[in-house]
Amino acid sequence: MLPKFASVIAKTREEALSWLSSLENPRIIAGGTDLMVKMRAGKQYSHVIDVAGVPELLTMTETDGRLSVGSAMTHARLSTSEPIIRNARSLALACGLVGSPQIRNMGTIGGNLANASPAADSIPPLLIHDAVLVLESKETRRRVPLEEVIVAPYVTSIDRKELLGSVEINPLRGYREGYRRVAKRATWAISRLGVAFAIKEDKGRFTDVKLAIGSCTPMPFRPKKVEDLLKGAEKNEAIITEAIRMALEEIKLISGIRPSYAYKLPVLKGILEEVLRG
Amino acid sequence: MFIGQDITRVDALDKVLGTAAFAHDLKNNTMLFACVVRSSRPHAMIRKIDASAALALDGVVKVLSHKDIPGENLFGAIKKDQPFLAEGRVRYKGEAILVVVGVTEEIARKASGLVEIEYEDLEYISDPFLSMRSAILIHDGGNLLSHRKVIKGDAGKGFESSDVVVENTYSTTWIDHAYMETEAGIGYTDERGHIVVASSTQNIHYKMKEIARLLAIPPEQVRVVQATTGGGFGGKLDVTVEGYIALAVYHTKRPVVMRYTREESFLGHTKRHPLYIEYKTGAGKDGNLTAVEVNIIGDTGPYISYGETVCLRAAVHATGPYEVPNVLVNSRMFYTNNPVSGAMRGFGVPQLALAHESQLDEIAERIGMDPLDIRMKNALKRGSLTATSQVLHHSAGLLETLKGIEPFWRARRKQGPGSGFGLGCMYYGIGNTGISNPSSCYLTFTPEGRVEMHSGVCDIGQGSDTVLLQILCDALGMEEMGIDLVRGDTDTSLDAGSTSASRQTYISGMAVCNAAQKMREYLEGQGYYSGKPLKDICREAAEKGLPVFKGHFDPPTTAPDPETSQGAPYATYAFATHMTEVHVDEVTGVCKAVKVHAAHDVGRAINVSNVKGQIYGGVAMGVGLALMEEFIPGKTESFDNYYLPTSMDMPEVEAIVVEDREPTGPFGAKGVGEPALIPQAAAIVNAIKDATGVRMRQLPCDIERLKLALEKNKIK
Amino acid sequence: MKTISFVLNGKKTSIEVDDNETLLGALRERLGITSVKEGCGIGECGTCTVLVDDEPHYSCLTLASKANGRDIKTVEYLSSSGVLHPLQEAFIKSGAVQCGYCTPGMLLCAYSLLLKNADPDARDIKEAISGNLCRCTGYIQIEEAIKNAAEICKCDR
């Protein structure tokens, strides 16, 4: 049973923005796969604004070499979308691993971001694609890098009058790209660890390395120092070992020592070894 | 012939149409909704209950406490020790305190949230080791619920004469039945003034008696009907919603519906017992087992439920299906303030199978023997003596199940690193342990000329309705299924006992055979078998009143000796061997069960498709038990943090049906429901050892436990 | 309250629903479609599965108002012509039904799969039902039933 609230169905972006600005304690709903669970557990809003059918949020466009993904696009659509598979393979893979088929048919990329779970599968791939979120209110429009939007586990800097309209990503071509994750069940499970990677190599050297690690620190993150170390370096066991050591150090620096690290750090080490060795 | 045929299940059509009426589907808009207010503390005195805000809410009809119980406020399948509604003290988190009845579910639930309860916390007895030491008594009689021993031969001498002795400890955790349908039911007063409850249940007659005691009315004035039941696995044996519904109907005089949310279901119902098992095995160089000593310590929670049953059954099955001349088992159950542990598929035996199968593999490894050979060498067979010195006179097909697995075992080839194979064997006594557990039924005719079977057996999805009809058709020598089934209703059936202990095919099947024998004699006399149509026989008989043929069966058992448990606690045993292939990813600790061969001696497969369905489902539950399922009191709330295996977690399964016919069973049949699960977790754990060299002694062996063990092993 | 109009099992339907009502609640309470079950209420079991425009969704996590203008199918649709769908036949024949609580959701996922993929392999089938828990069958006979039904549907084409 859900608490009482009023719901409105937005037909356009403008309509959604205008409700966001005028209603007292509104919440955007798209797929509902996170929000409905929270509301069933007692979370209360005066209004929910359903944006799942807003056409502007359901489109994907390519401009200036960047790909703009409508926030109400479902995981199912993204996981099978040809442009996503071509330009952001890790994102397609991650979206294909979210929840179950039903969850993927319902849940949206925007919802996954707004929920800001440390274990959200879509976030590490978006990080390596330098995702920028387009946040709009009735009066304002701003473009904010994903890293800056998620400020704490389950907390974002999205204003309650703002709508997450789209996510812009940098396509990566010519990279060995993927998403590895570990969960307690073969499918339909929260990630215990997720690693998105995109690696370019040439003649025995790493020419570019992008990594993002999820479910490990309060917010998924990119170990930029590790990326810098590897960039241009000769590919050998010594540099891979050093890179992994740095990555693990950085995690401990971010979060201190957590009980779960007894499991996660050795696993991350193993996954990074596999990923970097290729 | 219907026996051995894949007869279509009688309930399948309604279920694929979506028209099968589960308990909550029986609800209508005239019904009040009742819900339970539960303790938020594991152990506390209740100092004050303030329900005024709940009562003040518009639409709240009643708030009922223990004071509103006209009869006895205690229930229990074996002993009456658990309050329907707590009186002054709560002993586990989730214990029922009040029943709130409202005109809608929304109102009742909202009101239940408005009840204020003041507690004074008592020490939380969080495990059996604390329980055995603590001065805090959960019940006046002390914290030890039960201590059962199995003593055969002289274990001490047995170990002295052993060439190799292996000693280890094993532990398992709480498992939830996790039936897809949560507990639900409806109730009303009928035109006779009787209280009627229709619910999701594994036993209607037991619940009828409990409701009668609760309300202090004669059982004849209570009618319990089994609604279509969405799985049980032991969790719907204890009284769940039935008592509360009956109490609410009694006080409001209006129809009432109840349904647990998944969260309430997790909180409210019993669990599989966590067992701590110290196990010592001795053997000769030739692989012959010489002695077994087992010390079992169980956490039964604060009320008995089936705790004593599990204590004893785990003890008598502790050696596994092997001939062991010297046995010493100490099995003890302690009260704690954890969830009530009760009956769950296998009653403690799956936990013991983990231990005895791991031990046997270690013995084999130490003496350089093949795991299959050591099992064949020690296997119980016809004429063998069990750990309770029971002679197996009849069906005992363990060797045949091993032989069924043998070609696959001998041909096994590891598929690269991380690949491994393991075996698990089991035996399981069909029916209750060393006590009378009869089943009755009756047969009659309809005036139109059809046989009518009145059955009190609860089909909880395993297919007993279909199987009993198959048995009856063959017992009567009928050529088509001209039988009307009148089922699952205390008003129209005799007590068949619970759907538990894998007993319905064997025991209720024999009761049906017994009634059929009488009907057959009657039909013989009426000329049915020489060609007289049943229609004519019934038409003539209807004038004098249609005859009724009662059937009854109580398997011959002996009560275990109170000191040594020696005796014949079961009339027959089922046997099985599973072989599981796993793949372990050493980087992540993920173990995938890849392929299972499961050979089961079922005596006789009445319905092969049903038998296979039980085996596949048992394997799935075994995969969960071995690799992922863990109920953590205070933490686990729903399926988001209690993982059941999905289709993607399931191995390929090849079922091998072995039929060593049991002369005391219906057409040779025994049972398969629990056996299907029992050896699987053990086979997985043995396969993990084969794959990685790591021996896991604690379940579940989830990705984290396995990875940590692999890391530790690397350092070693 | 809102009035919503949608196609339910091939028929145009209009009902009033509360703003905070789930599609599961509306189907069970207002339309008497009790084949849709609540096994958990949080999208973790699959017994509430319905098809929205032929794709499986959890109706427990779907606001009823979201059904407006959509095509909603429950298991009743499969036999709405008066005969059993080959999937239903196959479920019965293959022993895919035990307690039956997951069955409607399983059938709907299988139906949706066969619409998109007439010749699913074992992995496709496993994936299609991977958002629906079953505690009884171990899924194997369900998968066999879907495979068998796919063969029959192919022949019918």
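Modeller: Helices are DSSP runs of H or I with at least four residues, strands are DSSP runs of E with at least two, and both are numbered from the N terminus. This is a predicted model, in which local features need pLDDT of at least 70 and side-chain atom pairs count only at pLDDT 80 or more, while totals for chains, interfaces and linings use all residues. Residues are numbered from 1 along each chain as its sequence is written, chains are lettered from A and ligands numbered from 1 in the order in which they are written, and side-chain values use heavy atoms, with hydrogens and water left out.

Colleague: Thanks! Where in chain B does B:Pro700 lie?

Modeller: Most residues other than glycine have a negative phi, and most peptide bonds are trans. Here a cis peptide bond, with omega of about -5°, joins B:Leu699 and B:Pro700. In chain B, the place of B:Pro700 is the loop between α17 (680-692) and α18 (703-715).

Colleague: And which residue has a positive phi although it is not a glycine?

Modeller: Look in chain A, at the loop between β11 (176-183) and β12 (191-202), where A:Trp188 lies. With phi at about 55°, the residue is A:Trp188.

Colleague: Are α11(B) and α12(B) roughly parallel or antiparallel?

Modeller: Axes are lines fitted to C-alpha atoms, for helices over the stretch in contact, and angles run from 0 to 180 degrees between N-to-C directions. Under 35 degrees counts as roughly parallel, over 145 as roughly antiparallel, 65 to 115 as roughly perpendicular and the rest as oblique. In chain B, helix α11 (residues 371-378) and helix α12 (residues 398-410) have axes that come within 11 Å and cross at roughly 165°. That is why α11(B) and α12(B) are roughly antiparallel.

Colleague: What hand does the crossing of α11(B) and α12(B) have?

Modeller: If the near helix is turned anticlockwise from the far one by less than a right angle, a crossing is left-handed; if clockwise, it is right-handed. The crossing of α11(B) and α12(B) is left-handed.

Colleague: How many charged residues does the contact of α11(B) with α12(B) have?

Modeller: Contact means heavy atoms within 4.5 Å. B:Asp373 and B:Arg375 are among the residues of α11(B) that meet α12(B), whose side includes B:Lys403, B:Glu406 and B:Arg410. Asp, Glu, Lys and Arg count as charged, Ala, Val, Leu, Ile, Met, Phe, Trp, Tyr, Cys and Pro as nonpolar, and the others, Gly among them, as polar. Besides six nonpolar and no polar residues, the charged number five.

Colleague: How are α2(C) and α5(C) set to each other?

Modeller: In chain C, the axes of helix α2 (residues 86-93) and helix α5 (residues 140-156) come within 8 Å and cross at roughly 140°. The crossing of α2(C) and α5(C) is right-handed. By their angle, α2(C) and α5(C) are therefore oblique.

Colleague: How far apart do the centres of domain 2 and domain 3 of chain B lie?

Modeller: Domain bounds come from an automatic or database domain assignment. For chain B this gives domain 1 (23-122 + 183-259), domain 2 (275-433 + 563-715) and domain 3 (438-553). Taken over C-alpha atoms, the centres of domain 2 and domain 3 of chain B are separated by 36 Å.

Colleague: Which residues of domain 2 of chain B lose the most area to domain 3 of chain B?

Modeller: Buried area is the accessible area (1.4 Å probe) that two parts lose on being put together, summed over both. Between domain 2 and domain 3 of chain B about 1500 Å² is buried, with 62% from carbon and sulfur atoms. Together giving 34% of what the domain 2 side buries, the residues are B:Ile606, B:Pro666 and B:Phe667.

Colleague: Which residues of chain B lose the most area to chain C?

Modeller: Chain B puts 55 residues in contact with 45 residues of chain C. About 3800 Å² is buried between chain B and chain C, 58% of it on carbon and sulfur atoms. With 19% of what the chain B side buries, the residues are B:Val16, B:Met180 and B:Ser647.

Colleague: How much area is buried between chain B and chain A?

Modeller: This contact has 20 residues of chain B and 21 residues of chain A. Carbon and sulfur atoms give 63% of the area buried between chain B and chain A, which is about 1800 Å².
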